[in-house]
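Please look over the sequence and the structure shown below before reading on. The report after them is meant for a reader who is meeting this protein for the first time.

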Amino acid sequence: MAGRRAGAGAGAGAGAGALLALLALRALGAAAHPQCLDFRPPFRPPQPLRFCSQYSAFGCCTPEQDAALARRFGAVAARVDAAMWAECAGYALDLLCQECSPYAAHLYDAEDPSTPLRTVPGLCEDYCLDMWQTCRGLFRHLSPDRELWALEGNRAKLCRSLSLDDTDYCFPRLLVNENLTSNLGRVVADAEGCLQLCLEEVANGLRNPVAMVHARDGTHRFFVAEQLGLVWVYLPDRSRLEKPFLNISRAVLTSPWEGDERGFLGLAFHPRFRHNGKLYVYYSVGVGFDEWVRISEFRVSEDDVNAVDHDSERIILEIEEPASNHNGGQLLFGDDGYLYTFTGDGGMAGDPFGKFGNAQNKSALLGKVLRIDVDRNERGPLYRIPPDNPFVGDPAARPEVYAFGVRNMWRCSFDRGDPATGEGRGRLFCGDVGQNKFEEVDLVERGRNYGWRAREGYECYDRKLCANASLDDVLPIFAYPHKLGKSVTGGYVYRGCEYPNLNGLYIFGDFMSGRLMSLRENPETGQWRYSEICMGRGQTCAFPGLINNYYPHIISFAEDEAGELYFMSTGMPSATVARGVVYKMIDPSRRAPPGKCQIQPSRVKVRSRLIHFVPKEKFIRRTESIPRPTKAPRRSRPTAAPPAPTPRPSRPTPRPGRRRGSGRRRGRPGTADPEPSNGAVRLVRPAGLSPGRGRVEVFAGGRWGTVCDDAWDTKAAAVVCRQLGFLYAARAAKRAEFGEGRGLPILLDDVRCTGSERNLLECAHAGLGSHNCGHQEDAGVVCSREDPDL
């Protein structure tokens, strides 16, 4: 349905009763969900940890973070009486190392990035009671929270304050909880085998984005093509150039009709683009009732690397199209340097052209994979035939043909190969759109016949052709019936750096049903195992920058220069409606160690004005799994028995030892937050930054507002950091380093603190709401748990 957002979980049926909804709500609260304090997945450290060694195999600390914790341990030891330290060193080690736990975000109750973390991890009550007996004096050395110190003499109150709402995650119980530990570090699948991933919005406001490619030139730009005939440049920071890279919309044949298959369909950069500036495009053209597809060569402008010289177009190849559908459109360069072109069978239905159809006719260019040499074409022919093309010398075949028997391959990709071994490199995957019953995924090889119109998927379509002994066709590696989807969109084998669990997984989708799907090869048998991809359940994706929904019409997939995986979809499949979004695929179960996947983009001179990226999509809170974007019947999900509720005493004030103004609670969405107290502060930061840094916002007079940086210094920053549970202020940030809070009033200016105040309102200032500054001077802080002077 146009405009409907898609999610990919298997939800309860529409008629589920109140009891099932309650069970689902409780079950979500205990869903295993590893996350670090930077709101990203855990990882395997690049080398064993020396201090928090129990998290060497999988956790949230780099060796540098581990060393910092060791220094904190040493600093605590220096302040504690030797007799007490002999009894309590083990407790100190336990508590400090929970920052390295794969469940650190839960232990420190870090679900809301705009509020401070706990200063002590959430403890199970029995552990806390035991620790209190001999080591209650240790808490004041591990936490700066004076309200926590005040409870030191009251065992019951202290341990209640250090407990977690979700007792499954308290330390050390979570270490022996099989639900939390059995699949740590693996892609999480639900009871039906659906792999749970998350998304990150990368670009929006696009009109049917049909392709996203990179130039292999080290700049890490990506180029997004719209069906109308425009290509946009995006820089690595996701800002877009106002001026299009290419605009051939006047030449491109398309229409506003939903589902029109004509238009700008493909784009590929020459492997030596950095040196020769060449790129190739595939688009529909027409005059009157005559239509054809065109493959053209362009060069980048000599004056601007972010713009094409539109006068440089040279038409490489044109192919007449007998109908307006099945136009193909993929262009790829292989490792061999040749240009691969993927054409449709000419359209209509059933490939009715000629005795056997275009696809089985090797003398026709339609319904084929073509392979041509476009190098050294400045003089002489515009392209040459590679000497090893399979039908060179066959008088009944066009020499450009590399493979045949295809219906309408929509989106193909070459496998980059395993990053370590290179295994799989050069394999060519394609999604071939079916007719009435099946969609298929093919591994394309030189000279092979992929069966259409004799066969559709694994079954015969034209029974007479199918019985022909000379057919010798190749079966797809995977085919699915139309109850799952009716228009396959081919994808990529993931070979990026950031999410090791996805390595080797072929990810693709369906334009009509909106399903995301995957295949993984069994290296011993060569068989491919299918798994559907769902959006993460419960709170799995509820972290900064991540979302758990997408528009359902999956148009294309892409990989960036580093090999990370994306897809493009739209809420309305019209070439003139700006509902298209580019999404990056995220594995919430495991990431690469921090620093391993850093890129160093080559600098690009920008002449056009930049339009900075503003994400628009939101995380959707649900009390049940997100439904798959399909009209197929939904399958019910088994629901675990609800855990016994834990009674909690009411408290009129925030509990010491944890953040104030606590945000959402797992399993309790919709719980209203109490109004913060006067002087409360929060940090607001761009997605991707770690906790403890951001723009300072203060609550006063019943509203939130910003602070001007006039007189802003580390003493004022220290007051804020202590409020947020950090021991130190590393830096006072000025001039809206963490963004401008334009939607809020400026509440404080000329703030002067001694450093001992409990909040900013106790510092000297110009008066609440009085200021002579603008939001370009919004103040911020960088807080630390480690002394920056050490």
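## Basis of the description

This is a predicted model, in which local features need pLDDT of at least 70 and side-chain atom pairs count only at pLDDT 80 or more, while totals for chains, interfaces and linings use all residues. Residues are numbered from 1 along each chain as its sequence is written, and side-chain values use heavy atoms, with hydrogens and water left out.

## The protein as a whole

The secondary structure comes to twelve helices and 34 strands, where helices (H or I, at least four residues) and strands (E, at least two) are DSSP runs numbered from the N terminus. Of the 790 residues, 58% count as buried, a term that stands for under 20% relative accessible area, with exposed meaning over 50% and partly exposed what lies in between (1.4 Å probe, protein chains only).

Among the contacts in the protein with a separation of 6 or more, 65% are between residues 24 or more positions apart; contact here means heavy atoms within 4.5 Å.

## Disulfides

A search of the whole structure finds 14 disulfides, each being a pair of cysteine sulfur atoms within 2.5 Å. One of them joins Cys52 to Cys97, with an S to S distance of 2.0 Å, and the torsion about this S-S bond is about -85°, so the disulfide is left-handed. Cys52 lies in the loop between α1 (18-29) and α2 (63-79), whereas Cys97 belongs to helix α3 (residues 82-97), so the pair ties together parts that are 45 residues apart in sequence. Both Cys52 and Cys97 are buried.

Another disulfide joins Cys61 to Cys100, again with 2.0 Å from S to S, and the link of Cys61 and Cys100 is left-handed, with -90° about the S-S bond. The pair links distant parts of the chain, since Cys61 is in the loop between α1 and α2 and Cys100 in the loop between α3 and α4 (104-107), 39 residues apart; both Cys61 and Cys100 are buried. A further disulfide is formed by Cys88 and Cys135, whose sulfur atoms are 2.0 Å apart, and its torsion of about -95° about the S-S bond makes the disulfide left-handed.

## Helices α2 and α3

The axes of α2 and α3 come within 11 Å and cross at roughly 150°, axes being lines fitted to C-alpha atoms, for helices over the stretch in contact, with angles from 0 to 180 degrees between N-to-C directions. The two helices, α2 and α3, are therefore roughly antiparallel to each other, a label for angles over 145 degrees, whereas those under 35 count as roughly parallel, 65 to 115 as roughly perpendicular and the rest as oblique.

The contact is made by Leu69, Arg72, Phe73, Val76 and Ala77 of α2 and by Trp85, Ala89, Ala92, Leu93 and Leu96 of α3.

## Glu439

Glu439 is found in strand β17 (residues 438-444) and is buried, with a relative accessible area of 0%. The C-alpha atoms of Glu439 and Gly485 are separated by 7.7 Å, although the two residues are 46 residues apart along the chain. Not counting residues up to four places away in sequence, Glu439 touches several others, including Asp432, Phe478, Tyr480, His482, Gly485, Lys486 and Asp510.
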